[in-house]
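Take a look at the model below.

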Amino acid sequence: GAYISATLLLLDGQDPYDATALRQVQRVLTGDAALAEATIPWSAPYTFALYIPFAVIPARWSHLLWIGLQAGSVFWSTRELWKLYGGSSGPHRPFGADPLFLAGAFTPTIWLLIYGQITGLVLLGVTGFLRGMSENRPMRAGVFLSLTALKPHLLLLFGFAVALRLA
């Protein structure tokens, strides 16, 4: 809700961080005419470029597609990281656990899906970067690395490691 309503305001030429305008849009989107307080998005302005495609389709479909994108990002990243770092396959896995099951049962993944957070794309960025570098495909790595700018404060140490690697 918060990001879609803010993106709708932006597309209408309004301030996407205006609490009063957000409350009005969120009242319509949620169907809650008594909504007292708007949820204000706290992401950087450049993230709206990612939200625009989701804001121009009906809210229910937008939500489903967003959750699907986040889940797909987490599960693809899990599989790729498992392979990249030599995770065992078949019955020799630790405790017989499937990495995709572990990712789906991981509390932060559940929260990501319930609350519609964007961190699945950040994980996709880290994973794609690592995969691209391991395959000596720096352009691909750089494209994926750009996704980490969605939440740079979460990846400060990763940023230092990348800087050292590229230096």
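Helices (H or I, at least four residues) and strands (E, at least two) are DSSP runs, numbered from the N terminus. By that rule, glycine 132 sits in helix α7. We return to this residue below.

The model is predicted, so local features need pLDDT of at least 70, side-chain atom pairs count only at pLDDT 80 or more, and totals for chains, interfaces and linings use all residues. Residues are numbered from 1 along each chain as its sequence is written, and side-chain values use heavy atoms, with hydrogens and water left out.

Start with the whole chain. It holds 9 helices and 0 strands. The C-alpha trace spans about 55 × 40 × 25 Å along its principal axes. Of the 167 residues, 34% are buried. Buried means under 20% relative accessible area, exposed means over 50%, and partly exposed lies in between (1.4 Å probe, protein chains only). The chain exposes about 10200 Å², and carbon and sulfur atoms supply 68% of that area. Accessible areas come from the Shrake-Rupley method with a 1.4 Å probe; for residues, only the protein chains shown count as cover.

Next, contacts, which require heavy atoms within 4.5 Å. Among contacts with a separation of 6 or more, residues 24 or more positions apart account for 57%.

Now go inside. A nonpolar core is a set of buried Ala, Val, Leu, Ile, Met, Phe, Trp, Tyr and Cys residues joined through side-chain atoms within 4.5 Å. The largest one has 25 residues, and Trp66, Ile118, Leu121, Phe129 and Phe158 touch the most other members. At least two residues of this core come from each of α1 (2-11), α2 (19-30), α3 (48-55), α4 (59-84), α7 (119-134) and α9 (156-166). The largest share, 6 residues, is supplied by α7.

That makes α7 the helix to follow. Its 16 residues should span 22 Å at 1.5 Å a residue, and its end C-alpha atoms are 23 Å apart, which agrees. The expected span is 1.5 Å times one less than the number of residues. Is α7 enclosed or open? Because 12 of its 16 residues are buried, α7 is largely enclosed by the rest of the structure. The buried residues include Gly120, Leu121, Phe129, Arg131 and Gly132. Their cover includes α3, α4, α6 (107-115), α8 (138-146) and α9.

Leaving out residues up to four places away in sequence, phenylalanine 129 touches Ala141, Phe144, Leu145, Phe158 and Val162. Glycine 132 is buried, with a relative accessible area of 0%. Beyond its neighbours within four places in sequence, glycine 132 is in contact with Arg137, Pro138, Arg140 and Ala141. The C-alpha atoms of glycine 132 and phenylalanine 144 are separated by 8.3 Å, with the two residues 12 apart along the chain.

Most residues other than glycine have a negative phi. Asparagine 136 is exposed, at a relative accessible area of 65%.

Finish in α6, one of the elements covering α7. Threonine 109 lies in helix α6. At 8% relative accessibility, threonine 109 counts as buried. Residues up to four places away aside, threonine 109 touches Val74, Ala103 and Gly104.
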